[in-house]
Amino acid sequence: MNCTLCSSSLEFACSSVEGLRSANAKLLISKPFLRVSDCIKSRCAQASYPCARKVVMSSHMVPRHLERSFEGKKQLEEPRKKLDFVRTLLIDNYDSYTYNIYQELSVINGAPPVVVQNDEWTWKEINHFLYEEGAFDNIVISPGPGSPTCPADIGICLQVLLECWDVPVLGVCLGHQALGYVHGARIVHADEPVHGRLSEIEHNGCRLFDDIPSGWNSGFKVVRYHSLVIDAESLPEQLIPIAWTLSDNTLAGAYGSQALQDNLESISRRLKNENYWLCSHANGMQSRKVLMGVMHATRPHYGVQFHPESVATCHGKQIFKNFREITEDYWLRMRSPRINDKKFHYAAPMQVPHTGQPFREAPGNGQLVNGTGVRHYGEASASRQLEYDVDKNSFGILDMVNLKPVSAAYKFLKLRWRKFDNLASQVGGARNIFSELYGKNKAENTFWLDSSSTEKGRARFSFMGGKGGSLWKQVTFRLSDHSNEASKYGGHLLVEDAEGSISSTYLDEGFFDFLDKELLSFCYDEKDYAGLPFDFFGGFIGYIGYDLKVECGAVSNLHKSRTPDACFFFADSLVVIDHKFDDVYILSIYEGSATKSTWLDDTEQKLVSLKASATIKLDKNDSHAAKIPTFNAGFCFEKSKEQYTRDVKNCLKYIKDGESYELCLTTQTRKSVGKIDSLGLYLHLREKNPAPYAAWLNFSKENLCICSSSPERFLRLDRNSVLEAKPIKGTVARGATPEEDQRLKLQLQYSEKDQAENLMIVDLLRNDLGRVCEPGSVHVPHLMDVESYATVHTMVSTIRGKKRSNVSAVDCVKAAFPGGSMTGAPKLRSMELLDSIESCSRGIYSGSIGFFSYNQTFDLNIVIRTVVIHEGEASIGAGGAIVALSNPEDEYEEMILKTRAPTKAVMEFK
């Protein structure tokens, strides 16, 4: 957004927000401020306590929405009582870290907050719930892209800060800047943006920082994501500085909470410039301080520029605990019950982007089949209701649900399977098995989720199959030409069944809605797969293209994909290889009471007849590497080096302006390959560049083959309802010698830039999982591990959480798609910016390949290091994360590095 970044004029601040009462706002600033201890409010300011006393407050000193008569009585000295829970209104500024705050507050407050986006409620609605219903005890204003000077970026937040003088408010990052701006402080560019980097903090000991150390080497390190700052010199008298950086240093290599930071070495690096004021130390040295926190002199309003919710911020939880205690003490001083009658019901909300609808299970519409619950999800109407459940200590805003039957008929699926111990190596391994069973006839209509790199336990199982029994089908989805319009993400679905019949349907609600209904229509008996060590027993297997982001909150697609936006087989038979124990499994699912097992019998016979020495010879399969002048000879990039580096500079400008913290810029390279032996190419690629999440897909009717050597997991959901993401951010080439290789590995591990990239995406994935996981369950067991592959070292983190029972598998994917490592953060704004910079659709690249099992488990990769062969052309996507520390030349070289393995494989095979 192109908005003015600084203004000391309160009149300007007020006029920039539609509906603000400027005259009233001036009155609040020009007249003496009311101290909290001087007055109490009537029922409109009631706290969550069982008893209270009231005193007289002059009505001319109260904002208009509080004007009413007061009853005067002397307050009685009574023991303070703590709240069982605190009810927070969390205003989301379309950020990708809001649900990290949500997770923290859910645990600390004893109840999940209600999340509303900054343009979702009018002031009338907020006023109603705050002052008429007494529904909230405090407000938290989230971080977000942009500037508080821009109405489109800050929404209702400025009016909340002006009008809600009598409600505790905590602003984080953008919310902190809004607190300064609304009271007349200037918002200016920091001399250098700081994103995903740590600083040590000193504070003044105010209540917000109770039990938190302060100063040099105190252990109070915080993560910063900001390009703009409050100009400390412009602070009005009513805003008190409460925290600041100790100097202009950031800390590299010091990431993690106390448990995590011990694993990494602390490295300091000076920043050249920042917005600051000077202070003197005992040694006479002067250092630069950057304002990191403010509080209002007379209102219970606080702001922090850093991110207490980040996984790498120390003492972040304590800040939220302190804000809860501030809230409790504030309402205790008011001596007024905030709600007299708790009769509204609440279930914790999970909001889908750009809607007011949380994911929730529709009551009274489930069935049990052999102990297995089948859920229906209703469609929500526009009417809202505030509900509260006293027994569950939870509350929130829910849309009323109109129960409608799922359109797909129920299907009762049964599973048969057989196991062959220690068979894989005896028959030549996964490659021989696939080639013998599925490699003939150009491997048409086949799939192979191929764990070709299994060292260090990165992956264990491979799944392969082809056109099978009567349940087999192929579904192909293309977004309509109108999907670039807001909220228009319908498209055309083609379904080919096992008999070859093809039907066409237009899906108004898009592909994810179709997939969700399909999966929810399956009934099954968990006992069928109780003895299996993996989580795919049959179901949908294929890919989701990047452009399906429009079904997950993105505003639009500026470019149209040449390939289908989603393509899946429904696999009713498959072969599974357990690489850990060398076992082979064959599985077949069928509907109803069918008793035939022909496929199992035939496949068992083929496996037994294979000899350990058998080698299936495919054309070009064992071709020797061709001598080519350069690794990318014959490939044509969408953009030249000059254009790509110019794009990097544009990204850096957006980051400087606060529009994004990180932008994952990409491009594509293409080459005509004619009638190439696609399976032979894939077998060559997996040999040269093995990867744990590799994949082969052949949709022959679409003239489409996908040869992926992806090292990155997007998201997995296992049968225990545990979600796991493993984002990669930070890549460096392998060294020519062991010594150089080790040096490069350490260089990556302690690179401040790569650590910042990785941390931003870790916090983003924590947010995405936090939207669908149980409060308090999201955690990071591995932060910034370095993994080594055939051609590169990569920095990988692991995020896990426990899925809530009232969300489906598809809900989980929608909450996180596209993978944050391919977008940047904040995700929605970053995707919008990238669409305007990039010159073509990413298509399958940056999307996900994997499976959705009929029992609602799934495992999906990130489509990188992948060759897409469509209509005689090979395309390869690559890119990198642009952060404030990025160098355009280095970013170009990193992009080229990531194309090296797949382009070399194509050139060698050709």
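Is cysteine 651 buried or exposed, and what is its relative accessibility?

Tutor: This is a predicted model, so every value here is computed from it. Cysteine 651 is buried, because its relative accessibility is 0%, under the 20% cut-off.

For cysteine 651, the closest cysteine sulfur belongs to cysteine 664. The two sulfurs are 9.3 Å apart, too far for a bond. The cut-off is 2.5 Å.

Take cysteine 705 next. Its closest cysteine sulfur is in cysteine 707, at 6.4 Å. That is again too far for a bond. Cysteine 705 is buried as well, with a relative accessible area of 9%. The disulfide count for the model is zero.

Now the helices. Helix α11 spans residues 511-520 and is mostly covered. Eight of its 10 residues are buried. Among them are the phenylalanines Phe511, Phe512 and Phe514. Leu515, Leu519 and Leu520 are buried too. So are two acidic residues, Asp516 and Glu518.

Next come two helix pairs. Two packed helices are described by the angle between their axes and the distance between the axes.

The crossing is right-handed. From α10, the contact uses Ile433, Leu437 and Tyr438. From α12, Trp599, Thr603, Lys606 and Leu607 take part. Five of these contact residues are nonpolar, one is polar and one is charged.

The second pair is α14, residues 678-688, and α19, residues 888-909. Here the axes come within 9 Å and cross at roughly 130°. That makes α14 oblique to α19. This crossing, too, is right-handed. On the α14 side, the contact residues are Gly680, Leu681, His684, Leu685 and Lys688. On the α19 side, they are Ala901, Pro902, Ala905, Val906, Glu908 and Phe909. The contact divides into seven nonpolar, two polar and two charged residues.

How values were computed. Residues numbered from 1 in each chain as written. Predicted model: local features only at pLDDT ≥ 70, side-chain atom pairs only at ≥ 80, totals over all residues. Heavy atoms only, no water. Buried < 20%, exposed > 50% of the residue type's maximum accessible area, 1.4 Å probe, protein only. Left-handed = near helix turned anticlockwise from the far one by under 90°. Helix = DSSP H or I, 4+ residues; strand = E, 2+ residues; numbered from the N terminus. Contact = heavy atoms within 4.5 Å. Axes fitted to C-alpha atoms, helices over the stretch in contact; angles between N-to-C directions. Parallel < 35°, antiparallel > 145°, perpendicular 65-115°, else oblique.
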